[in-house]
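Visitor: I would like a close look at a single part of this model, and at the elements that pack around that part. Please take the helices one after another, with the cut-offs behind each term.

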Amino acid sequence: MYDDTVNAVGIDISKGKSTIAVMRPLGEIVLSPFEITHTSSDLKVLTNTLKKLDGDTRIIMEYTGKYYQPIAHFLYDSGFFVSVVHAKLIHDFANNSIRKVKTDKADSIKIANYGLSNWQELTPFSKTDDIRSLLKTYNRQYDLYMKQYVTAKNYLISLLDQTCPGIDKIVAGKRRPNGQTKWIDVAHRFWHCSYITSFSEKKFIETYNDWCKRNGYKSDAAKAASIYQHSKECVPTLPYNEYTKAIVRNAANNATQLSELLVTIQAEMNRLAAMLPEYPVVMSLNGVGETLGPQLMAEIGDVRRFPHRSNLIAYAGLDAPPFQSGKYEAKSRHISKRGSSALRKTLYQVVGVIQQHQLCDSPVHEFIMRKKAEGKPYYVCLTAGCNKFLRIYYARVKEYLNNLEG
């Protein structure tokens, strides 16, 4: 327990500024709520003010996007105990009032009271090292551009459906290491079925094969012939003119640029991830490659910050909290989804790879097959596989890191 010489500093974070209140037990207000900006001069004034307080001082704030980081890092470096609390915990904390008051000043007092009520359970803030911070930022950027890339591809396909429907399926192909994709390049060069049929079949085959050689693709006369015959049967809805040509080529250029950017980000993420000690262990796991490995490391961070594997599973939002009231006890529960959605997405992708390639030597695959044999629904099996993979990840990586330290 605490005595009356403790100071709970509640900080309500906003973009560029914060509201601070200092409370002691029994509702004593040491410092009424006041505002500061996230500038070095204001933060120095705040530090000097807090150092003048008698007793043990702890600072409590919410996770608020990235806005909390400047003040959390500054106060941590100044020697204060800082605890960054999940916003849901603060939101659910009792207001002891039937009136719903929502102001920055009221929130700062509420956060300070939360700190007093949970004084012994406050988790100290720890600074993420620069490599892990950069890796996570790169991963969020990769996710942003991947969404844009998927949108750009779908938009290009919708245009091709109006100029040469189905050509993207005839010239399907995987993305090359440099970010180029054959069907997108074909759409850029042969942008309309009327353009394709403006050649004779023989001339188009020659033109197509010459284009393939210049761009590093394999020549294929049979493929060219199938494109030509397909184009003769197409019914376009956009006119064959320079305006349509510009629209299709702009869309193709946009998709290619985003694809090349994704490849660049992937390479940078791999270089950063390789600097972390657990990289070889993570990359040895089934279902993990040069894309998903760094993404996992980015979203999980240092596993040693999780005291137990259940903490990591809860962080991923894969836990199913019990629900019991009176004689009723739920036998089946949905996962909480209260954790990192980015980590859950990556885990589902990893398990999807394991299932797609049927990696029989993987304990995750065996576990999923066992659940399927029990008659569990598909998504239940997939979620159970994610849970299993995360437990394996935690055990192997933590053991490896502990051995390195030992």
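Visitor: What covers the buried residues of α15?

Guide: The model is a predicted one, in which local features need pLDDT of at least 70 and side-chain atom pairs count only at pLDDT 80 or more, while totals for chains, interfaces and linings use all residues. Residues are numbered from 1 along each chain as its sequence is written, and side-chain values use heavy atoms, with hydrogens and water left out.

The cover of the buried residues of α15 includes α13, α14 (309–315), α16 (363–373) and α17 (378–405), where contact means heavy atoms within 4.5 Å. Helices here are DSSP runs of H or I with at least four residues, strands are runs of E with at least two, and both are numbered from the N terminus. Helix α15 itself spans residues 341–356, and its 16 residues reach 22 Å from the first C-alpha to the last, close to the 22 Å expected at 1.5 Å a residue; that expected span is 1.5 Å times one less than the number of residues. The buried residues of α15 are Leu 343, Arg 344, Thr 346, Leu 347, Val 350, Val 351, Ile 354 and Gln 355, with buried meaning under 20% relative accessible area, exposed over 50% and partly exposed in between, for a 1.4 Å probe and protein chains only. An α-helix has 3.6 residues a turn, so residues three or four places apart point the same way. Just after α15, Gln 358 takes a positive phi of about 50°.

Two of the covering helices, α13 and α17, also pack on each other, at an angle of about 80° and with their axes 13 Å apart. Axes are lines fitted to C-alpha atoms, for helices over the stretch in contact, and angles run from 0 to 180 degrees between N-to-C directions. α13 and α17 are therefore roughly perpendicular to each other, since angles of 65 to 115 degrees count as such, whereas those under 35 count as roughly parallel, those over 145 as roughly antiparallel and the rest as oblique. Leu 296, Met 297 and Ile 300 of α13 meet Phe 389, Leu 390 and Tyr 393 of α17. By class, this contact of α13 with α17 has 6 nonpolar, no polar and no charged residues, where Ala, Val, Leu, Ile, Met, Phe, Trp, Tyr, Cys and Pro count as nonpolar, Asp, Glu, Lys and Arg as charged, and the others, Gly among them, as polar.

The axes of helix α5 (residues 130–163) and helix α13 (residues 292–300) come within 8 Å and cross at roughly 120°. That angle makes α5 oblique to α13. α5 passes α13 in a left-handed crossing, a term for a near helix turned anticlockwise from the far one by less than a right angle, with clockwise giving right-handed. On the α5 side the contact is made by Leu 135, Lys 136, Asn 139, Arg 140 and Tyr 142, and on the α13 side by Pro 294, Gln 295, Met 297, Ala 298 and Glu 299. These residues of α5 and α13 divide into 5 nonpolar, 2 polar and 3 charged.

Tyr 142 is also touched by Gln 266, which touches Arg 175 and Thr 291 as well, not counting residues up to four places away in sequence. Gln 266 is found in helix α11 (residues 242–273) and is buried, with a relative accessible area of 17%.

Helix α11 in turn packs with helix α7 (residues 182–189) at an angle of about 155°, their axes being 8 Å apart. α7 and α11 are therefore roughly antiparallel to each other, and their crossing is left-handed. The contact joins Ile 184, Asp 185, Ala 187, His 188 and Arg 189 of α7 to Val 248, Arg 249, Ala 252, Asn 253, Ala 255 and Thr 256 of α11. Its residues divide into 5 nonpolar, 3 polar and 3 charged. α7 is mostly covered, with 6 of its 8 residues buried, namely Lys 182, Trp 183, Ile 184, Asp 185, Val 186 and Ala 187. These buried residues pack against α5, α6 (167–170), α9 and α11.
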